[in-house]
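Subject: Structure for you to look at

Hello,

Here is the structure I said I would pass on. My notes on it follow below.

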Amino acid sequence: MDHITKTTVAVIGAGHAGCEAALASARMGVDTVLFTLSLDQIANMPCNPSIGGTAKGHLVYEIDALGGEMGRCADGATLQSRTLNLGKGAAVHSKRVQADRVAYHVRMKHTLEQTSNLRVIQAEITEILEKIDDTTGRSTGVCGVVTHLGEVWDCQAVIIATGTYPEAKIFVGDKNFASGPDGSLPSKGLSASLSAMGIRLMRFKTGTPARVKRASIDFSVLEVQPGEDTPLPFSAQTEKDTYLPGEQVPCHIVYTNAETHRIIRENIHRSAMYSGQISGTGPRYCPSIEDKIVRFADKERHQLFVEPMGNSTEEIYIQGFSTSLPVDVQWKMIRSLKGFENAEIMRYAYAIEYDCADPTQLNATLEFKDHPGLYGAGQFNGTSGYEEAAAQGLVAGINAALTALGRDKITLPRSGSYIGTLIDDLVTKGTNEPYRMMTSRSEFRLLLRQDNADQRLTPLGHACGLISDNRFEAFWAKKEAIETEKARLETTHLGPDAVNPLLDGLGVERVKSGVSLGDLLRRPQLTYDDLTPIDKNRPSLPLSVIKTVETDVKYAGYIKRELAEVERQRKLEDKFIPEDMDYEKIKGLRLEASQKLAKFRPTTVGQAARISGVSPADISVLLLYLGIK
């Protein structure tokens with residue numbers, strides 16, 4: 001070994017998980033080193049250059065509320081902003097932006113470089129070191145990492161955020177070769193080190209579509225998808241007046257057709273997915289185009305989104321057209337699309353296979369149960385998506401730093417955030433495919449809206465040291481404005497003479513007696529803006545306040561019911577299970593439940609109740625054994 005260098009927290013990988021982990025740790029005052037295979041790949045978007053989307057937008061707002069960086073970086077690189085699912089209830093409204101890929105990378109890289117307590121180093125980590133107890137043979141904690149150049153770094157905690165790089169292999173038709181995404185180097189050796197430590201690894205796969213030259217597309221025959229008017233930024237730190245100051249860049253829509261499907265069907269045997277070359281499991285909710293053609297054989301067409309990669313490039317991304325078919329087939333597929341008859345491919349589509357860890361080996365803090373000080377985050381934990389990765393990186397970084405500071409680690413409950421739901425799903429249920437966050441995964445969707453992410457998580461971010469005092473004061477001012485306006489709406493009453501002319505004009509049923517503005521707002525047909533003509537004393541409020549007020553008032557009854565369920569489940573979350581619990585000794589516990597509980601080792605009764613194979617009757621037996629009423 002050449003020499004030994006020291007740090008407190010070592011982060012392996014500078015994708016979206018690694019960036020958030022390193023920034024959180026360093027901003028909390030802990031000496032941190034971020035290792036990356038290439039400085040030029042920091043915060044790279046090898047797939048779609050977008051941030052947010054259904055449920056993913058919620059994650060970005062939560063990351064920002066805790067003091068993370070993704071939202072602010074995305075705001076500065078936004079080309080177009082849209083809110084999805086506006087035709088549905090407020091719980092599933094999700095912001096999504098098309099981002100400038102290069103601008104996002106540059107902003108995040110520079111942010112890392114300017115952060116105190118943080119060093120960014122281009123080096124490959126090939127081994128993790130830990131101390132082993134001579135008596136038990138078990139790990140007592142990680143103590144260092146080793147680079148491919150033989151450099152040893154002493155540390156107290158290691159966060160693995162290696163994305164799709166570990167032992168990565170690219171597949172295009174019958175061609176395959178060792179490579180990371182976008183032609184970068186794969187990570188070699190670290191998987192072997194982890195396996196030697198006893199960590200169970202899985203093999204997953206994902207993919208990406210071809211990139212096409214902008215000038216070779218006839219946009220005049222495509223559907224235009226414009227951005228929304230007056231969008232709100234992701235981050236509370238982004239000034240509304242400075243967000244999207246110029247004209248938004250349009251996206252477009254195109255559809256596959258019978259010819260596209262014929263080309264794919266005739267060549268399906270040449271796909272790496274269907275020829276047996278790929279052993280890894282792919283994402284269910286982001287399938288390749290050939291997988292769509294097979295699984296949805298009755299569909300005559302599939303919608304594709306034509307999206308820019310940035311202001312400084314001519315590359316266009318075809319969302320929904322991911323494939324591992326050979327290059328000659330890719331040309332035919334692309335040129336079969338309307339407006340793409342003369343399209344020029346700049347980057348070929350590919351599938352990528354990589355190593356990741358079984359997430360049931362982790363605690364809800366994202367620390368490995370049997371390896372103190374070792375954390376996992378992002379696609380290494382079996383997830384897919386930039387937002388899921390960033391959320392996990394933030395939690396892992398916070399907990400590694402809290403431990404170094406001698407403070408208790410945090411666990412986010414699933415009732416309080418989508419981040420908590422994501423982590424709870426991973427550590428209690430595991431995943432047999434790349435996990436993707438969706439609003440349907442939460443039983444508390446109405447409580448976990450993107451508009452109230454700050455109300456739910458900013459106090460925790462401040463307690464951890466990631467939210468400044470000034471920002472925290474602004475948060476309290478906003479919270480007070482929300483509560484004041486809600487109270488005003490509920491206590492402001494108007495008679496039928498004042499209300500009915502408005503209702504008549506809107507085609508809404510009249511009232512027969514006095515009514516509060518709150519009661520009017522709870523009518524499905526009415527919005528906060530609709531009430532403006534009769535709300536004479538309405539204060540001037542920011543749009544972010546109005547959105548939360550309107551939803552809280554309109555859905556007050558449903559919210560109350562969800563809060564009651566949260567309280568019921570919280571009682572189970574507060575009931576802890578000893579780490580050394582011997583489930584075989586519990587009489588009345590079914591064999592399957594005993595085996596599952598021994599395998600997953602839940603820390604609370606609430607976690608135990610969510611493990612597949614553990615029934616309510618098993619939980620009753622467990623509570624009785626623990627002496628809990």
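Buried here means under 20% relative accessible area and exposed means over 50%, with partly exposed in between. By that cut-off N85, at 22% relative accessibility, counts as partly exposed. Please keep in mind that this is a predicted model.

N85 sits in the loop between β5 (78-84) and β6 (94-99). Its phi is positive, about 65 degrees, although N85 is not a glycine. Most residues other than glycine have a negative phi. D182 is another case: its phi is near 60 degrees, a positive value in a residue other than glycine. D182 belongs to the loop between β13 and α5, and with a relative accessible area of 22% it is partly exposed.

**The four-stranded sheet**

Four strands make an open sheet in the order β13-β12-β21-β14, with antiparallel pairing. β13 and β14 are the edge strands, each pairing on one side only. From one strand to the next the twist averages 25 degrees.

At one end of that order, β12 and β13 form a hairpin with two residues between them. G173, in the turn, has a positive phi of about 60 degrees. The two strands pair in the antiparallel sense over four bridges. V172 has K175 in β13 as its bridge partner, and I170 has F177 in β13.

**Salt bridges**

How many salt bridges does the count come to? The count is 47.

- K188 and E167 meet through their side chains in a salt bridge at 3.5 Å, N to O. K188 is in the loop between β13 (175-178) and α5 (190-196) and E167 is in the loop between β11 (157-160) and β12 (169-172), so this pair ties together parts that are 21 residues apart in sequence. K188 is partly exposed, with a relative accessible area of 40%, and E167 is partly exposed as well, with 24%.
- E353 and R203 meet in a salt bridge at 3.3 Å, N to O. This pair links distant parts of the chain, with E353 in strand β21 (residues 350-357) and R203 in strand β14 (residues 201-208), 150 residues apart. E353 is buried, with a relative accessible area of 4%, whereas R203 is partly exposed at 23% relative accessibility.
- D370 forms a salt bridge with R601, and their closest N and O atoms are 3.1 Å apart. D370 lies in the loop between β21 and β22 (374-376) and R601 in the loop between α17 (591-600) and α18 (605-609), so the pair ties together parts that are 231 residues apart in sequence. D370 is partly exposed at 34% relative accessibility, and R601 is partly exposed with a relative accessible area of 31%.

A network of salt bridges links R414, D424, D425, K429, E443, E573 and R610.

In soluble globular proteins, nonpolar side chains tend to be buried together. In this model the largest nonpolar core has 98 residues, and I51, Y104, I128 and V158 touch the most other members. Helix α9 (residues 386-404) gives the most to this core, with eleven residues.

What does I128 contact, leaving aside its neighbours within four places in sequence? The residues in contact with I128 are I12, V142, G144, V145, V158, I160, L190, S193, L194, M197 and L374.

**Helix α13**

Helix α13 covers residues 496-506, and V499, N500, L502 and L503 in it are buried. Seen down the axis of α13, these buried residues fall within an arc of 165 degrees, so they line one face of the helix. An α-helix has 3.6 residues a turn, so residues three or four places apart point the same way. D497, P501 and G505 are exposed on the other side of α13. The cover over the buried residues of α13 includes β23 (493-494), β24 (515-516) and α14 (517-521). Just after α13, G507 takes a positive phi of about 70 degrees.

Regards

Technical notes: Residues are numbered from 1 along each chain as its sequence is written. This is a predicted model: local features need pLDDT of at least 70, side-chain atom pairs count only at pLDDT 80 or more; totals for chains, interfaces and linings use all residues. Side-chain values use heavy atoms; hydrogens and water are left out. Buried means under 20% relative accessible area, exposed over 50%, partly exposed in between (1.4 Å probe, protein chains only). The arc is that of the directions from the helix axis to the C-beta atoms. Contact means heavy atoms within 4.5 Å. A salt bridge is a side-chain nitrogen of Lys or Arg within 4 Å of a carboxyl oxygen of Asp or Glu. Two strands pair if DSSP finds at least two bridges between them. Axes are lines fitted to C-alpha atoms, for helices over the stretch in contact, and angles run from 0 to 180 degrees between N-to-C directions. A nonpolar core is a set of buried Ala, Val, Leu, Ile, Met, Phe, Trp, Tyr and Cys residues joined through side-chain atoms within 4.5 Å.
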